[in-house]
Amino acid sequence: MTSQSKPAETGYPWPIASTRLDNGLRVVVSEDRSNPVVCVNIWYDVGSRHEPAGQTGFAHLFEHLMFEGSVHVPKNEHMRSVQGNGGSLNATTNPDRTNYFETMPSEHLELALWLEADRMGGLVPALTQETLDNQREVVKNERRQRYENVPYGDAWLRLLPLLYPPGHPYHHSTIGSMEDLNAASLETFQAFHQSYYAPNNAVLTVAGDASPDEVFAYARKYFGALEPVSDIPPAPHGHLTGPAAEPARETVTADVPAPRIYLSHRTHPFGTGSYDAITVLATVLGSGRGSRLYQRLADGKRIAQPDYVGAYGVDLAHAPAPLIITATAKDGVDATTLEEGMTEVLDGLAAEPVTEDELERAKALLTTSWWRQMSTVGGRADTLGRYATQFGDAGAAAYRLPGWQNVTSDDINDVLPTLHPSSRVTLTYLPGDQS
């Protein structure tokens with residue numbers, strides 16, 4: 001069944017057409033003939049939150065394995081085929097999903113779709129023990145380079161277990177456990193792929209210089225014969241009633257240049273009106289020189305480094321998502337003084353509500369960010385894939401920008417109880433010898 005719509009111009013002015021193949025694959029097309037470029041983007045509804053005990057890090061490892069060859073595409077040939085025809089490509093994993101994408105001259109749309117279909121249906125027969133072992137080593141090296149050997153690099157790995165209880169699907173990071181990756185057999189990885197990387201667990205989105213009829217025809221040609229999976233494992237239950245019942249704190253002494261503090265709270269799921277308010281509030285608190293944290297801590301008290309003050313939400317859709325506030329101390333400032341300054345700003349929101357000028361500034365920054373993302377076919381394809389996967393409707397992307405623009409000071413006051421000190425997570429880094 002094919003549907004077409006043109007969402008409200010306030011949020012997404014390009015047309016959207018969608019269909020579902022007989023095997024369950026959802027196909028979304030957003031046509032834009034202004035440039036001869038297309039982006040092909042596939043969202044698989046599998047991320048670290050889907051990983052059962054003993055299989056942490058699997059979704060992220062497949063982000064690597066999916067470039068290592070499939071039945072008709074030898075190792076490294078996927079990348080060569082895209083780049084050799086003037087395209088670019090990448091993949092990312094987060095707790096909620098894994099996505100793979102290519103931006104190509106539109107004359108090579110068919111090639112991009114064939115490549116994606118071949119690795120959706122043909123990776124497992126081509127997966128060898130040697131390839132698996134090589135990519136496990138790549139992931140280990142990535143962990144060392146991105147998390148373990150970088151100052152403050154393991155902050156996210158530490159914050160997640162503090163924010164979400166043991167057994168919760170957001171308790172562990174996408175990089176996962178090296179012990180789990182080492183212990184799993186080739187057959188275990190093959191079974192994981194066959195459980196999740198199926199047409200009925202994916203959304204294929206094409207944005208740019210292609211018509212819906214053209215894309216739908218190619219999708220049926222290359223994806224239509226792939227078999228669906230009848231019993232895709234559901235993600236572990238992630239329901240939480242809201243903020244944590246008590247505060248949590250961890251102090252890390254490490255090889256870092258200065259004290260740094262992260263204050264965090266579980267708030268509301270991405271996609272809700274309450275999370276829109278959190279997003280606007282985060283922008284008020286921590287985006288740029290006009291933000292409260294910058295004005296109070298970097299310019300005012302001069303206790304924080306100007307380039308390392310910020311606040312942001314992490315857009316998780318299936319449980320209360322975190323708001324994170326961070327600052328790094330200036331030379332000679334201790335962690336206690338820095339934390340006192342940060343909590344004064346955060347806890348002072350009740351007595352000193354967000355002003356209309358602050359709201360307008362935050363909304364202007366978010367509007368600019370949104371249209372910067374929408375300015376590329378890659379940004380559009382990824383956004384539509386997200387809304388189709390997480391909310392069942394690609395067109396719902398049109399409501400994100402109006403959602404931010406409609407936030408009022410009353411809306412922000414309504415979400416302040418989720419930021420109470422009684423539910424706060426505090427992660428502190430102190431310079432020193434780890435031994």
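Reader: With which residue does D209 form a salt bridge, and how far apart are the closest N and O atoms?

Author: Side chains of opposite charge can pair when their charged atoms come close. Here D209 forms a salt bridge with R33, and the closest N and O atoms are 2.6 Å apart; the term requires a side-chain nitrogen of Lys or Arg within 4 Å of a carboxyl oxygen of Asp or Glu. This is a predicted model, in which local features need pLDDT of at least 70 and side-chain atom pairs count only at pLDDT 80 or more, while totals for chains, interfaces and linings use all residues. Residues are numbered from 1 along each chain as its sequence is written, and side-chain values use heavy atoms, with hydrogens and water left out.

Reader: Where in the chain do D209 and R33 lie?

Author: D209 is in the loop between strand 7 (202-208) and helix 8 (212-223), whereas R33 is in the loop between strand 3 (26-31) and strand 4 (37-44), so that the pair links distant parts of the chain, 176 residues apart. Helices (H or I, at least four residues) and strands (E, at least two) are DSSP runs, numbered from the N terminus.

Reader: Are D209 and R33 buried or partly exposed?

Author: D209 counts as buried because its relative accessibility is 15%, while R33, at 47%, counts as partly exposed; buried means under 20% relative accessible area, exposed over 50% and partly exposed in between, with a 1.4 Å probe and protein chains only.

Reader: How many salt bridges does the structure hold, and what is another one?

Author: The structure holds 21 salt bridges, and one of them joins the side chains of D96 and R49 at 3.4 Å, N to O. D96 lies in the loop between strand 5 (88-93) and strand 6 (98-105) and R49 in the loop between strand 4 and helix 1 (58-65), so this pair ties together parts that are 47 residues apart in sequence. Both D96 and R49 are buried.

Reader: How many aromatic pairs are there, and how are the rings of Y152 and Y429 arranged?

Author: A pair of aromatic rings is described by the distance of the centres and the angle of the planes. Rings of Phe, Tyr and Trp (its six-membered ring) pair if their centres lie within 6.5 Å, and planes under 30 degrees apart count as stacked, over 60 as edge-to-face and the rest as tilted. The count comes to 20 aromatic pairs. The ring centres of Y152 and Y429 are 5.5 Å apart and their planes stand at 85°, so the pair is edge-to-face. Both Y152 and Y429 are buried.
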